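I opened the model today to look up a few things, and these are my notes.

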Amino acid sequence: MDVDGHLPRTHGDVDDDGRERRTGTVWTAAAHIITAVIGSGVLSLAWAMAQLGWVAGPLTLVLFAIITFYTCGLLADCYRVGDPVTGKRNYTYTEAVQAYLGGWHVWFCGFCQYVNMFGTGIGYTITASTSAAALKKSNCFHWHGHKADCSQYLSAYIIAFGVVQVIFCQVPNFHKLSWLSIVAAIMSFSYATIAVGLSLAQTISGPRGRTSLTGTEVGVDVDASQKVWMTFQALGNVAFAYSYSIILIEIQDTLRSPPGENKTMRKATLMGISTTTAFYMLCGCLGYSAFGNDANGNILTGFGFYEPYWLVDFANVCIVLHLVGGFQVFCQPLFAAVEGGAARRYPELGRKHAVVFRLVWRTAFVGLITLLAMLMPFFNSILGFLGSIAFWPLTVFFPVEMYIRQRQIPRFGTKWVALQSLSFVCFLVTVAACAASIQGVRDSLKTYTPFTTKS
């Protein structure tokens, strides 16, 4: 380290910190972002639009996109301490918070980040399993008619997805998964495009429901209290659709340097957020146009679409393949945190014991997620809850606070007040969406029997 506190640049097979040289580019980072962002969230946007209507729906999508892009730019600048090109690197989100804020912020950040990663694993398991079950339902409806009882028990599909994840979870680290993210990103484009095409075709041939400027109508579709709760839950669903800042630092840590990782990450964020917002607008607006206020919570598995059945099947295959990769993108940072902590606490453990620990703990982790997915398979409520608890602290609060500390913005100055106002408004959105999602889970539990849920 030189007199300015900067780490020296090295050449060969190692990076500026002596670790394996990183090879990530703006394209691989954008692929990671698209893989993380276009997940189960995109499938619920038609339902969210039905709750919000033609005015608030598109406006909400644009506002969440702008806020996410802005705060992710602030967060990208906090990847290194000091100089954005040669300063000391932070390898995880929590390390960045430790470097800039310290104290109770570190515990709160770790809690929010890792609880959300764990919950996202549950959400992706539910979604992938629902899509897998929809494959058999689609063929059943095609051969036996749309009135046939083609419902499927989800538990078997959830277990099958868990077995697949046990295998992929043995990949040592996040850096080895670029190929999986690229495949998953292609899958996400595929099923989002199919959803858009089918929605457009349905809109042209004749919408199945009415739409309105304000969405579902009180006294017609819902009562007054349901309208309020579902509106807030829809905000949580939209927040979940943009929840990738949780792993931004980990993605940024895969990027080669020079150029500075923050510059590359800003470009990747612009590419990823622009692409996903365009798809979100198409999926949400066309889905709402096609099905109106009766739009299902999951546009490709709620069977608004029956034909062409083979195309619906292909879309659901793409969803499953995408979420296999998406699960890993979100869970690998959690694996790294646990295994890194174990290595520091028990340095006497050799490589052989580390491999055994990884096998046992990652398998147990997937097993627990699989069990919880079978116990609580409530798609929209779970997504709304996950989106709400991650949005304010991880997408807004910490990036804003670290930026203020990094740039030494004076308290009560114009910029400080603007940033804190943004954070406060987003906090209110988080509280409202979280409360609505908990209410949704409570309502679902009144008529739910564990392990017997049908799709």
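I take a contact to mean heavy atoms within 4.5 Å. With that rule I looked up threonine 216 and left aside its neighbours within four places in sequence: threonine 216 is in contact with Ala50, Gln51, Asp221, Val222, Lys227 and Asn293.

Before going on, I noted the ground rules. This is a predicted model, in which local features need pLDDT of at least 70 and side-chain atom pairs count only at pLDDT 80 or more, while totals for chains, interfaces and linings use all residues. Residues are numbered from 1 along each chain as its sequence is written, and side-chain values use heavy atoms, with hydrogens and water left out.

**Overall**

I count helices (H or I, at least four residues) and strands (E, at least two) as DSSP runs, numbered from the N terminus. The protein chain comes to 14 helices and two strands. For burial I use relative accessible area: buried is under 20%, exposed is over 50%, and partly exposed is in between (1.4 Å probe, protein chains only). On that scale, buried residues make up 57% of the 455 residues in the chain. I also checked contacts between residues at least 6 apart in sequence, and 83% of them join residues at least 24 apart.

Back to threonine 216: I find it in the loop between α7 (178-205) and α8 (224-241). Threonine 216 counts as buried at 4% relative accessibility.

**Core**

A nonpolar core here is a set of buried Ala, Val, Leu, Ile, Met, Phe, Trp, Tyr and Cys residues joined through side-chain atoms within 4.5 Å. Which members of the largest one touch the most other members? Of its 112 residues, they are Tyr93, Tyr244, Met265, Leu300, Phe398 and Met402. Helix α3 (residues 45-76) gives the largest share of this core, 15 residues.

I followed up phenylalanine 398. Not counting residues up to four places away in sequence, phenylalanine 398 touches Tyr93, Val97, Leu101, His105, Phe108, Cys109 and Pro393.

Glycine 326 was next on my list, and I placed it in helix α11 (residues 309-345). Glycine 326 is buried, at 0% relative accessibility. Beyond its neighbours within four places in sequence, glycine 326 is in contact with Thr35 and Tyr124.

**Salt bridges**

I call it a salt bridge when a side-chain nitrogen of Lys or Arg is within 4 Å of a carboxyl oxygen of Asp or Glu. How many are there by this rule? The count comes to six salt bridges.

Aspartate 77 forms one with arginine 266, and their closest N and O atoms are 2.6 Å apart. Aspartate 77 lies in the loop between α3 and β1 (80-81) and arginine 266 in helix α10 (residues 261-291), so the pair ties together parts that are 189 residues apart in sequence. I have aspartate 77 as buried, at 9%, and arginine 266 as partly exposed, at 34%.

Arginine 80 and glutamate 261 also meet in a salt bridge, at 2.7 Å from N to O. This pair links strand β1, which holds arginine 80, with helix α10, which holds glutamate 261, 181 residues apart. Arginine 80 is buried at 1%, and glutamate 261 is buried at 0%.

Shared partners join Asp77, Arg266 and Arg407 into one salt-bridge network.

Most residues other than glycine have a negative phi. Glutamine 408 is not a glycine, yet I read a positive phi of about 55°. Glutamine 408 sits in the loop between α13 (379-407) and α14 (414-445). Glutamine 408 is exposed, with a relative accessible area of 69%.

Phenylalanine 412 also has a positive phi, near 70°. I find phenylalanine 412 in the loop between α13 and α14, and at 61% relative accessibility it counts as exposed.
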